[in-house]
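Q: I would like to learn how to read the features of a protein model. Could you take me through this one?

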Amino acid sequence: MAWLGKTRGTSCETFRDERSPNGFSLLPWLLMGMGAFSNLFQGETPEPWIGGLGLLTFNSLYVYVSFRSFMKETREATSTRVALALLGLVTCALALAYGGNWLLFFPLLGLATGAAVRMPQLRPVGLVVGVLAGGASVFHDGWGGLDIAYATWISTMVTAAILSLSEAVRQLRTAREELARRAVEEERLRFSRDLHDLLGHTLSVIVVKSEAARRLAAGDVAAAQAQLNDIEAVGRQALTEIREAVTGYRQGTLRDELDRAESALRAAGIEPVVRRSGPPLVPQTEALLGWVVREAVTNVVRHSGAARCEIVVADSGGERVRLTVTDDGCGGGQPGAEAGTGLKGLTERLATAGGTLTAGRGPRQGFVVTAELPVEARGLVAERVEVGVVSPVG
């Protein structure tokens, strides 16, 4: 039975049903009753008006059950079950009364039963329908009538199997479409986070270095030129990072981010102090901590008004690594709306990787950002990096 078709569609390239099974799929089988219909018109059926009324009742109940069997809510409704039971009674009555071609209504009853009943009720119900078909057939045709019982049982089981498989395929396609939709949403979220973190940090560094170059231009041309060179380098690096973020390949190291943070803090006139200890980290953990350093330092440069910023990366209990960014600014490092979005996005990223991110005012003053993540790499020689005190620019 050509009940299913497939067509390529949607931007996610998912498959959709071109023609799903429905009540019309079972209607052609009513042609099996044409023999009984012919007997009525040829006058071969006793009491033809009773036979005609029974045929009309059977067809009406069959159509009703068929069209209500392709949705779970209507299939399991009491009205459908009652209609199926009445269909069984009408089939038995017609078969026992007339025999012959009227026995073929039992396979049709099997089709309706297979469409309307699912496991685990299908086995006992199918057995009952088969026994009824066998009894009525043996009553009229002897043991040779068991063919009708076999055909009835087979039609019940095969119909139920085909429709159950069709429903499973439809559910799988729906689930795949949902997964594809979620993947698109996650990719959009990843890109928006990367773009925010990249541009927010880069533009802040460019603004700070531009201000430093302007202050130095009148009295120290060489220092101003150095700041302009840094601006060019930062811009080129930002272009590379944006391209990598678009394709999802960006995997910066924590050391690189610490170096960039030091440069940005110096240009803003903030004393940078960086300490790192503990085992080397896997690339994913380094990349996540690098994002935290980038966002936290950007907020320090833009909002804190601090004179000193300390960045500490250390082992936290053997299984986790902790990154702390602390400033002594009177502004408390309170981020604006855009930076707040950045910290929120970082919190979600770290939570996905099994980590945490907290941010708030320090015990005395300033602002503290603390991130913790699983180490995922242990047993190697500890590394310690110190960046000394540097006088503020200008």
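Q: Is R308 buried, exposed or partly exposed, and why?
A: This is a predicted model. Burial is judged from relative accessible area: under 20% is buried, over 50% is exposed, and partly exposed lies in between. R308 has a relative accessibility of 30%, so R308 counts as partly exposed. E310 counts as partly exposed too, because its relative accessibility is 23%.

Q: What do the side chains of R308 and E310 form?
A: A salt bridge pairs a side-chain nitrogen of Lys or Arg with a carboxyl oxygen of Asp or Glu within 4 Å. R308 and E310 meet in such a bridge, at 3.7 Å from N to O.

Q: Why are R181 and E185 separated by about one helical turn?
A: In general, an α-helix has 3.6 residues a turn, so residues three or four places apart point the same way. R181 and E185 are four residues apart in helix α7 (residues 146-217), which means about one helical turn separates them. R181 is partly exposed because its relative accessible area is 37%. E185 counts as partly exposed as well, at 42% relative accessibility.

Q: How many salt bridges does the whole structure have, and where does E257 find its partner?
A: A search of the whole structure finds 15 salt bridges. E257 forms one with R294, with the closest N and O atoms 3.2 Å apart. This pair links distant parts of the chain, 37 residues apart: E257 belongs to helix α9, and R294 to helix α10 (residues 283-304). E257 and R294 are both buried.

Q: What does the span check give for helix α6?
A: The 20 residues of α6 (residues 122-141) should span 28 Å at 1.5 Å a residue, and the end C-alpha atoms are 27 Å apart, so the two values agree. Among the buried residues of α6 are L122, V129 and A133.

Q: What kind of peptide bond joins M119 and P120?
A: Omega is the angle to read for a peptide bond. For M119 and P120 omega is about 5°, and the bond is cis. P120 is in the loop between α5 (105-116) and α6.

Q: How many aromatic pairs are there, and why is the pair of F24 and F67 called edge-to-face?
A: A pair of aromatic rings is described by the distance of the centres and the angle of the planes. The structure has three aromatic pairs. In the pair of F24 and F67, the ring centres are 4.9 Å apart and the planes are at 90°, so the pair is edge-to-face. The pair links distant parts of the chain, 43 residues apart: F24 in the loop between β2 (14-17) and α1 (34-41), and F67 in helix α2 (residues 48-67). F24 counts as exposed because its relative accessibility is 57%, while F67 is partly exposed at 37%.

Q: Why does the pair of F58 and Y62 count as stacked?
A: The ring centres of F58 and Y62 are 6.2 Å apart and the planes are at 15°, so the pair is stacked. F58 and Y62 lie four residues apart in helix α2, about one turn of the helix. F58 and Y62 are both buried. Ring pairs join F58, Y62 and F105 into a cluster.

Q: What sits over the ring of W291?
A: The charged end of R349 sits there, 4.7 Å from the centre of the ring.

Note on methods
Residues numbered from 1 in each chain as written. Predicted model: local features only at pLDDT ≥ 70, side-chain atom pairs only at ≥ 80, totals over all residues. Heavy atoms only, no water. Helix = DSSP H or I, 4+ residues; strand = E, 2+ residues; numbered from the N terminus. Expected span 1.5 Å × (residues − 1). Buried < 20%, exposed > 50% of the residue type's maximum accessible area, 1.4 Å probe, protein only. Phe/Tyr/Trp six-rings, centres within 6.5 Å; stacked < 30°, edge-to-face > 60°. Lys NZ or Arg CZ within 6 Å of the ring centre and 35° of its normal.
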